[in-house]
Amino acid sequence: MTYIAKPKLHHPELPKNKLGYTRRDYEGAISTLCAGCGHDSISAAIIQACFELDLAPHRIAKISGIGCSSKTPTYFLGSSHGFNSVHGRMPSVLTGANLANRELIYMGVSGDGDSASIGLGQFAHILRRGVNMVYIVENNGVYGLTKGQFSATADPGSKDKRGNANLDDAIDMVALALQMGATYVARGFSGDKDQLVPLIKGAILHRGAAFLDVISPCVAFNNHDGSTKSYDYVREHNDAVNRLDVIPPRAPIQAAYEPGTVETITQHDGSVLKLRKLEAHYDPHDRIHAMHYLEQRKAAGEIVTGLLYIDREPEDLHARLRTVDAPFNQLNEADLCPGAAALEAFNAGLR
Amino acid sequence: MSQERVNDFVVKFANVNGSGSASANRLFAKSVLRMGVPVSPRNIFPSNIQGLPTWYEVRVSEEGYLGARGGVDLMVAMNPQTWDKDLASIEPGGYLFYDSTKPLPTSKFRDDVHVIGMPLTEICNREYTDARQRQLFKNIIYVGALSALLEIDVKEIEKLIGEQFKGKDRLIAPNLHALHMGRDYALKYLPCPIGLRVRRANRVGNRIFIDGNNAAALGCVYGGATVAAWYPITPSSSMAEAFMRHCRKYRVDAASGANKFTVIQAEDELASIGIVIGAGWNGARAFTCTSGPGISLMQEFIGLAYFAEIPAVLFDIQRGGPSTGMPTRTQQGDVLSCAYASHGDTKHVLLFPEDPHECFEFAARSFDLAERLQAPIFVLSDLDIGMNERLCEPLQWDDARRYDRGKVMRYEDLEAGREFGRYLDVDGDGIPYRTYPGTHPRRGAFFTRGTTRDAYARYTEEGAPYVENMQRLLRKFETAKQYLPRPVVAKAKEPARHGAVFYGSTGPAMKEALDRLEEKGVFLDTLRLRAFPFHDEVTEFIESHDQVFVVEQNRDAQMRALLLNECGVAPAKLIPVLHYDGTPITARFITREIGESLAALNVKPIKRTA
Ligand SMILES: Cc1ncc(C[n+]2csc(CCOP(=O)(O)OP(=O)(O)O)c2C)c(N)n1
Ligand code: SF4
């Protein structure tokens, strides 16, 4: 398996966004994942979201762990810096990167093996620290890259390819994210792009720890009867609580909504999230309600998708640490070094 | 049998952890220093549990020997629990100072030791009603008594108390009161002065008194570190805490009150090093500080930083290993686990500071090295340097000094059309160019990964580019030498056939041992290692001597192994001198070991008959 570059042929008629980029500018290398892998659909959704939000591709940093899912950053945003770190430890690398330069957009991409097993600790801690990022788990319930072992998100009783049942309880990443303090929590399905793209857009615009669990069937090892992460199973059991429209801050904010069916959330930076509610009583501002609702639907055998929780006034890590506005990686001697005179005074205090 | 020693003795305080003795003992040490006499104190403490024994050993040495000496001339025995051991450690003719509130039978003493009893508890109980006050002032009272017994100028102690409680002025008078109460009692009832005395000298100069962790932390501030990520572990925690303190003083933007630093107490060591690597990748100067167990946990990430070529600085304040080992004792036991940290073929740059002065200097320098070499840099300190105050040269900074940010291609370089290949060896020194994320809309972006790749950072599993890359990393390691502190070579007074190599905290004991050996007619040239990879002088030094002692503080002669592995010298040339019981190495130990070894070497070879 080697790197396959995409031909750089641009169709002259391709639509351009406000920055003059076409969708092709948001693509990466040709995917080497299995044909039909849910992860590729997520890459496509990321490409579309970034294109539609008019983001400068090079201002995004993509950081991942290890796994098929973690390989995907190669397949989108080819002119962004990417970092494939070690298994399960994407969160710490992303945290450090974010501390070094608060001005970029950080996209963390991980798998359920990566984040729910070896990386569960780092997953929890990056959320409670409030790192400003989009954390996407491409959740297929198995280890894809190591060929089909159960991951910690596999439902108890679900079957692997050979028909063996999973004996352990499952970790629900969304429930955990709610508990760990993520300020934007959503679940999507790689097979439902219409819902997924706006969820990603909302997460990018959110200035805090945004977590997105995306059910992403593994066609090679987990798309058979008996799996609860197969396309068919998820389609049958999906219960979407809302659909999202996202309006970035620079667009004029419209005032007309259908009362009762659409709710708007204006975020810190002025971006507006319009929630088209499918569930009559679903309130995404209430963390406790979200947790409760999630458990309720799970008991009913349903997989809840949509924006489950959002904190309209999140505080990110830099705000908590009260760091200067300038990116740390641009500070120099004059900003950082106290100088010889201060050192002399320091010495004097030690005699 | 009485000990007559002026400005040359060891006082040891045996206390109970949590009794508040630390600041009183420090007051004692510093008052000697203020009289112009060099001191070197050492904390000997348990793993942070109240009520356990703790000791503070102060070596007073006009000659300026700062290594641990071994043996005690005056034992201030304040802990009944350790009485027997404390008594046994006194040199013949030495002194025992104890709380005589409850008289002890003569069987509890030694015939060859002077016993000085003072009813400390009784005095305190008479004077104070509050239990905590009784405990705290007892310490100040014995400092007062010692000032009389050893002829320490009480004015110096008074001044120190004033400095210590600056801003909390209401505490000054009661402390002075306790001090004089102890002093007056001693002058009236005790045999003042005793055979051990402090006489004003002028041997301290403008040297400063600071511990290695504090100095290293300030070095990180001067070196431009903006991100610190750590997980508490003895004996490194005080470094992270000191960095925080220094940053609050020096790194808060005056206008906005915003911080030009971050300190993250991570969830574990894996996260600490991950944060450092993420920050280094993104162009900020970042470090972690830890000890052996933390280094073990960081191994996978260290390999990533090596192979993906990301600047990172790691301070390893070594303690007794393996495993949890002796968390509060000192060792130089992580040399090999740092030099070759992680799986596969890896080698890392190590720095070996000798004292707090070098802790500061190497700390500041490590960030230049990390960025210049795009690699993890290990600063190998240890508990002995890190957590004990040591007399050392003042910290120095030249305002003309500029940070070496290494080979970074900026927007202008890319815009000007300079070719960018992340792992291209453009200059032939093995060091490639990098770009910071977000630099340019079209050029210079690359993918960082731990898997193999070609010179343009494109994933490949081909053998040839892999080998090329591994060779380039070796080239880079060779290049590193020119940026590293050189070893310090010292010639003996007489031409010497033998040499000695040592490093880090072994330095002060070594200096003294060489003097003692010289008195016995043994002359040794020495080389103090300050960095790995080794400069060529190291091999030359070994080759130009018949035999070279390698003095270090671990069981398996780790530095010797590294020298054998990297310098290609004959194993028989390197004689290990190993001290590893957790206490700092002493001149006595080195002198004895080298002396015995040389005696054995001089034995004529046995002639074989047929
Ligand atoms: C320390 C370590 N242990 C084990 C592995 C092997 N490994 C590679 S990927 C993977 C699991 C990936 O699963 P997941 O995150 O669910 O991603 P997927 O491939 O399913 O997308 C494992 C165990 C590794 N790379 N590193
Ligand atoms: S093994 Fe599964 S997860 Fe990996 S690429 Fe193939 S389908 Fe996707």
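A nonpolar core is a set of buried Ala, Val, Leu, Ile, Met, Phe, Trp, Tyr and Cys residues joined through side-chain atoms within 4.5 Å, where buried means under 20% relative accessible area (1.4 Å probe, protein chains only). This is a predicted model, in which local features need pLDDT of at least 70 and side-chain atom pairs count only at pLDDT 80 or more, while totals for chains, interfaces and linings use all residues. Residues are numbered from 1 along each chain as its sequence is written, chains are lettered from A and ligands numbered from 1 in the order in which they are written, and side-chain values use heavy atoms, leaving out hydrogens and water.

The largest nonpolar core has 154 residues, and among those touching the most other members are A:Phe211, B:Phe243 and B:Met559. Helix α13 (residues 356-373) of chain B contributes the most to this core, with 9 residues. A second, separate core of 56 residues includes B:Val37 and B:Cys124.

Ligand 1 is surrounded by residues from chains A and B, so the site is shared between chains. The shell of residues near the ligand (a heavy atom within 4 Å) consists of 6 nonpolar, 9 polar and 3 charged residues. The table lists polar contacts (pairs of N or O atoms within 3.5 Å).

| Residue and part | Distance to an oxygen atom of ligand 1 |
|---|---|
| A:His39, side-chain N or O | 2.8 Å |
| A:Asp112, side-chain N or O | 3.1 Å |
| A:Val142, backbone N or O | 2.9 Å |

Taken alone, ligand 1 exposes 590 Å², of which the protein buries 77% (Shrake-Rupley method, 1.4 Å probe).

How values were computed. A polar contact is a pair of N or O atoms within 3.5 Å; within protein, one must be able to donate a hydrogen and the other to accept it, and residues adjacent in sequence count only if both atoms are side-chain atoms. Ala, Val, Leu, Ile, Met, Phe, Trp, Tyr, Cys and Pro count as nonpolar, Asp, Glu, Lys and Arg as charged, and the others, Gly among them, as polar. Buried means under 20% relative accessible area, exposed over 50%, partly exposed in between (1.4 Å probe, protein chains only). Helices (H or I, at least four residues) and strands (E, at least two) are DSSP runs, numbered from the N terminus.
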